[in-house]
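Subject: Structure handover

Hi,

Here is the structure I promised to pass on to you.

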Amino acid sequence: MSAPNQPQRAWAPNNTGAALHRRPSVIAATAIAAMTMAANASAQPTNREHQHQPDQHQPDQHQPDQHEHEQPPNQQHDQPEHDMAMEHGAMSTTLGIPETRDASGTSWQPDLTPMFMWHWMTGGWSLGLHANVFAGYDSKSSDRGGDKFISINWLMAMASHPVGSGDLLLRTMLSLEPFTVGKTGYPLLLQTGETLDGAPLHDRQHPHDLFMEIAARYRQPIGDSVGIELYAAPAGEPAIGPPAYAHRFSALANPLAPLGHHWEDSTHISFGVLTAGVFTRQLKLEGSWFNGREPDEDRYDLDLRTPDSFAARLTVNPTADTSAQISWARLDSPEALEPAVSVQRLTASVMWNQSARARNVALVGVIGHNAPSMGPSTTAGLGEAALMLRPEHTVFARAELMSKSGHDLALPEAMADQTFGMASFSLGYVYDARWLGDVVPGIGFVATVDAIGADLEPFYGTRAPWGGMVFVRLRPPEMSEHGAMSGMHAM
Ligand SMILES: [Cu+2]
């Protein structure tokens with residue numbers, strides 16, 4: 001076959017050969033120090049009483065209004081009394097739902113999911129800092145491939161505090177990718193979404209914005225078994241899809257973004273989100289009103305707009321190892337290049353996580369469907385698995401099957417409304433030197449092979465483009481290593 005030579009769209013991009021304009025710069029240490037300061041600054045106690053609300057685990061030990069720092073008399077330990085009392089308050093929040101269930105935005109994951117986090121208790125506040133910092137060499141074959149040294153990274157700082165019988169959570173998530181990946185993104189074959197120089201970005205993954213999340217969440221129980229939740233975020237995640245890939249245990253060791261994340265996940269950064277939900281210990285129904293426009297190319301600011309989009313999600317956590325959701329969204333004008341086009345998104349997902357002494361297995365299945373008001377509808381499915389064996393060794397895999405349009409792939413105008421089937425398989429491994437202490441360095445790789453049809457072969461020069469990345473990584477230790485999560489509140 002020969003390459004079609006129809007006229008290109010006016011915006012037809014030529015970014016696939018983008019030069020290495022950024023040197024890899026891992027400035028995690030500085031960033032972590034800054035975030036720690038920020039977290040501590042936000043941790044000024046506003047309520048010295050920090051009363052412990054009654055909860056389901058120790059119903060008769062904690063009466064509000066009567067005491068501070070009271071502990072169950074049978075707890076033998078050598079920690080200061082204050083810490084232990086706080087730990088209890090932190091780990092078992094409204095309706096006794098464990099903190100380990102919280103994932104990105106207001107999404108839920110299985111309660112048994114391990115948390116990699118630095119954690120402090122101070123003045124009634126539970127403070128957590130999470131980071132995942134990769135630096136390495138990314139290389140992808142084929143006519144649309146490329147090579148680049150990059151650092152993919154994010155930091156999340158959170159602070160929570162009981163308020164009356166409810167709880168308040170403040171959370172921010174930051175990424176230095178605007179500096180360490182650069183606006184041209186990094187090579188990732190078949191990836192689509194967002195823009196570069198006013199043209200759709202393709203075969204490259206866009207950098208995350210500096211402000212990935214700035215959010216406040218308040219939860220209030222109403223009686224013993226029902227609660228309400230409010231989430232407000234100048235930058236955050238509306239109630240669509242499973243936890244965004246960056247937060248899933250099954251994807252935590254993999255630096256590369258899923259090719260279908262603009263179908264399956266939430267909008268992953270929306271600048272302006274309001275979500276209200278009602279929940280029990282096992283079910284949550286939520287609705288969001290939000291700004292549906294994707295982030296623009298200026299990655300350092302908040303692209304605030306009047307909210308114009310809606311989403312609804314139903315999540316169920318029937319057991320401590322399972323979480324499932326279905327959701328629907330109407331994104332009004334998600335793409336700046338096609339402001340008249342709206343998109344309806346439907347997603348369904350199941351996550352399963354099982355932990356046993358020094359091992360963890362996570363499995364995730366997601367399907368997402370985008371139906372734009374103009375152009376063809378497309379669907380993406382993803383399966384992810386991660387197996388942590390003795391916590392030094394993590395093996396992970398991802399399989400994706402999807403259809404994308406010629407418009408998504410920035411093909412010539414005449415092919416814009418055609419759809420193209422494709423598949424992608426990745427396998428990777430990370431060795432984490434967790435015996436080093438409070439910062440866990442690791443080294444690993446991920447290898448990917450894609451499968452495309454004869455219709456796309458002229459653009460890639462092959463039907464099986466492949467690539468990989470070798471990297472080093474820094475992350476916090478598992479919370480259980482410090483005992484904070486031991487005896488996880490698994491009902
Ligand atoms: Cu994206």
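Predicted model: local features only at pLDDT ≥ 70, side-chain atom pairs only at ≥ 80, totals over all residues.

Strands β14 and β15 (residues 378-389) pair in the antiparallel sense over twelve bridges; two strands count as paired if DSSP finds at least two bridges between them. Strands here are DSSP runs of E with at least two residues, helices are runs of H or I with at least four, and both are numbered from the N terminus. Within this pair, A362 stands opposite A386 in β15. The two strands form a hairpin with five residues between them, and G375 in the turn has a positive phi of about 95°.

Residues are numbered from 1 along each chain as its sequence is written.

As for the whole chain, there are five helices and 19 strands. Of its 491 residues, 49% count as buried, meaning that 20 or more other C-beta atoms lie within 10 Å of the residue's own; 12 or fewer makes a residue exposed, anything in between is partly exposed, and C-beta atoms are placed from the backbone. Among contacts (C-beta atoms, placed from the backbone, within 7 Å) with a separation of 6 or more, residues 24 or more positions apart account for 65%.

Next, the core. A nonpolar core is a set of buried Ala, Val, Leu, Ile, Met, Phe, Trp, Tyr and Cys residues joined through C-beta atoms within 7 Å. The largest one has 71 residues, and W154, L155 and M212 touch the most other members. Strand β3 (residues 146-163) gives the largest share of this core, eight residues. Leaving out residues up to four places away in sequence, W154 touches N132, M173, L174, S175, H208, M212 and A246. In general, nonpolar side chains tend to be buried together in soluble globular proteins.

S160 is also found in strand β3. S160 counts as buried because 22 other C-beta atoms lie within 10 Å.

Most residues other than glycine have a negative phi. L95, in the loop between α2 (81-91) and β1 (118-122), has a positive phi near 60°; with 19 C-beta neighbours inside 10 Å, L95 counts as partly exposed. S142, in the loop between β2 (125-140) and β3, has a positive phi near 85°. Because S142 has 23 C-beta neighbours inside 10 Å, S142 counts as buried.

Finally, is R293 buried or exposed? R293 is buried, because 22 C-beta neighbours lie inside 10 Å, and R293 is found in the loop between β10 (283-290) and β11 (309-316). Beyond residues up to four places away in sequence, R293 touches D303, R305, S333, P334 and A336. R293 and D303 are ten residues apart along the chain, with their C-alpha atoms separated by 8.6 Å.

Best wishes

Conventions. Contact = placed C-beta atoms within 7 Å.
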